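Me: I'm new to this one and would like to go through it slowly. Can we look at it together?
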Amino acid sequence: MLHNRRKIVWFLLVFLVALLVLPMILATTSYFDPMPKSPIPPLDALYLDSTQPIAARVADLVSYMTLEEKIGQMTLIEKNSIKQPDDIAAYGLGALLSGSGAKPAENTASGWKQMTDTFQAEAAKSRLGIPLLYGSDAIHGHAHVPEATIFPHMIGLGAAGNPELVTEVARITADELLTTGVNWNFAPNLDTPQDIRWGRVYETFSDDPELVATLGAAYLRGLQNYQEGEGILVLATPKHFVGLGGMGWGTSQNKDFQIDQGVTPADESLLNEVYLPPFAAAVDAGALSIMVGLNTWGEKRTVRQKELLTDVLKKELQFKGFIVSDWYGVHEGTRSTFLATVAAINAGVDMVMLPFDYETFIRHMKWANRLGLISDERIDDAVRRILYAKFTLGLFDTRVSSEALAPNQTRQHQALARSAVAQSLVLLKNDRGTLPLQRTDIKIRVAGSAADNVGKQMGAWSIEWQGIDGNWPPNSTSILAGIKEVAGPTTQVEFNQQGAFSTDTPKADIGIAVVGESPYAEGWGDNARPSLSDEDLATINNLQQVSETVIVILVTGRPLIITDDIDGWDSVIVAWLPGTEGAGVADVLFGKQPFTGTLPLPWPASIAQLPISPSGETSDGTTPLFARYFGL
Ligand code: BGC
């Protein structure tokens with residue numbers, strides 16, 4: 001009897017184990033033949049016919065796809081992680097990206113075009129020949145390419161507050177991306193920052209959800225430039241869904257950071273009032289891909305929250321496009337990459353920015369599907385959304401290929417960027433009525449660490465992820481060079497970085513100190529007290545000894561704590577991170593353009609005031625140094 005019972009227990013155990021393990025074994029064997037056995041589409045398949053409605057083309061293409069091909073489409077890989085070029089076709093990969101800094105061997109526009117063409121040629125060899133999405137962070141122009149026009153970072157465009165300008169900036173960015181074969185941009189950033197200590201404030205337009213919504217939609221119109229019958233130019237990616245900018249200091253889940261990748265304490269009503277409206281506006285403006293952030297909301301990482309991704313974004317806001325996760329975002333901080341994949345896909349993530357290990361991801365997806373943990377329907381839904389974006393982009397149809405930009409186009413782009421710089425400047429103080437400057441017969445002394453340093457004025461996500469130091473790329477203009485260019489011929493301009501001019505010569509009429517932050521990106525810019533360095537303060541002091549009046553120009557990605565110093569300064573201008581066209585600063589200094597910019601977020605007087613609530617209340621109840629939308 002006992003013997004029999006044991007037998008039964010053993011039998012049940014073996015049966016259970018077989019039930020669990022067999023599909024896993026099968027997933028790695030020929031049962032899931034990498035060479036698909038699905039129907040072969042005819043040469044005149046409907047999905048290849050550009051006159052057919054997109055929904056019909058998507059349905060047709062999906063009907064030919066194997067499970068492997070569908071999973072391939074959900075896979076986004078950093079281009080340097082491709083083990084061998086053949087893998088693109090072998091796994092039917094859906095998308096590649098150049099993570100910031102991942103440039104071609106020859107970093108020129110034609111080097112980029114050659115690189116993306118080579119990848120597309122590999123994708124064309126796959127059974128169904130589905131083209132790749134190729135993504136990049138062209139967040140202020142196609143700024144990793146030295147020939148590109150590099151615009152002010154978003155915070156400057158927020159200060160300019162001009163939707164038409166933002167649309168033009170985005171349209172030019174699309175033009176420059178297309179010349180390099182990049183069809184997908186991880187922009188615009190729709191985060192709303194409440195704490196200037198966060199290292200990503202400059203990537204955002206403002207802390208005012210209404211302004212973010214307006215400018216975000218304007219950016220989408222320019223970048224995607226949707227035309228009936230012609231689809232869109234470049235796929236935009238509003239990011240980061242959702243609640244970014246509201247994370248608390250010290251809550252980061254990344255041991256190297258403080259705020260970035262932290263926890264957003266917002267309750268549901270704050271989420272609805274502050275963080276969701278910019279994304280709702282982006283969906284209305286035609287967004288077809290949205291990136292989930294690396295933050296945590298409540299108890300869970302956003303990337304695993306079905307209520308947010310599926311119920312709110314896809315159902316309530318009726319988002320028709322696909323949700324892409326952020327860099328390693330699905331797997332960050334987890335013990336089981338398998339379970340993390342299952343959770344994110346079921347929450348609503350459609351494409352995973354792995355960005356490294358595609359083989360494991362593809363294997364896990366197959367197991368999860370065979371074990372019934374991820375349904376066929378969920379996979380089909382994800383693939384349909386991705387293909388919908390690809391068809392809308394016109395990737396399957398012959399499009400006029402973009403040629404390198406003609407020099408006069410480049411000049412037009414630079415002129416627009418220069419005007420964007422002028423519109424973004426905010427005048428905080430002009431006590432002695434010094435500004436605007438006259439262009440004749442004056443002596444100007446210029447100093448400061450950011451006066452003759454294009455690297456500093458571009459900030460990060462420019463050439464390199466963390467930015468560069470020095471006067472490069474070649475066709476850029478530093479603020480000093482701009483001042484020299486715009487000042488009249490009878491104006492004398494002298495430069496000394498430390499402001500160490502001789503005290504034996506007569507004082508200059510005007511001293512201009514251009515000081516501010518060095519570039520930083522993401523959590524590496526989390527900073528307990530954003531302020532000017534001692535060196536910068538010494539430079540201003542030096543300049544005051546040798547000039548009648550001093551103008552301080554702040555080159556910065558965020559408001560700095562200047563409360564103790566500002567009383568001693570005559571005039572103060574915030575230039576944000578203006579990009580390559582430094583002459584835009586001089587245009588306003590010398591009155592060729594008026595000051596029109598206003599602060600896109602409150603300027604705190606102290607760290608104790610942080611965070612500042614979306615309605616403008618400081619944490620300690622005191623008044624900020626300057627309120628949001630201040631500007632003389
Ligand atoms: C950032 C995203 C960016 C992605 C791809 C991540 O680290 O959070 O904003 O789009 O990298 O470069």
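Me: How do the residues of the shell around the ligand divide into nonpolar, polar and charged?
Reply: Keeping in mind that this is a predicted model, the shell around the ligand holds four nonpolar residues, one polar residue and five charged ones.

Me: Which residues surround the ligand?
Reply: The ligand is surrounded by Leu 97, Asp 137, Phe 186, Arg 200, Lys 239, His 240, Met 291, Asp 326, Trp 327 and Glu 522.

Me: And which side chains have a polar atom 2.9 Å from an oxygen atom of the ligand?
Reply: Lys 239 has a polar side-chain atom at 2.9 Å from a ligand oxygen, and Glu 522 likewise places a polar side-chain atom 2.9 Å from an oxygen atom of the ligand. For Arg 200, an N or O atom of the side chain is 2.8 Å from a ligand oxygen.

Me: How much of the ligand does the protein bury?
Reply: The ligand taken alone exposes 310 Å², and the protein buries 95% of that area.

Me: What share of the residues counts as buried?
Reply: Of the 632 residues in the chain, 60% count as buried, while the accessible surface of the chain comes to about 24,400 Å², with 54% of it belonging to carbon and sulfur atoms.

Technical notes: Residues numbered from 1 in each chain as written. Predicted model: local features only at pLDDT ≥ 70, side-chain atom pairs only at ≥ 80, totals over all residues. Heavy atoms only, no water. Near = heavy atom within 4 Å. Polar contact = N/O pair within 3.5 Å; in protein donor to acceptor, adjacent residues only side chain to side chain. Areas by Shrake-Rupley, 256 points an atom, 1.4 Å probe, with all protein chains shown as cover. Nonpolar A, V, L, I, M, F, W, Y, C, P; charged D, E, K, R; others polar. Buried < 20%, exposed > 50% of the residue type's maximum accessible area, 1.4 Å probe, protein only.
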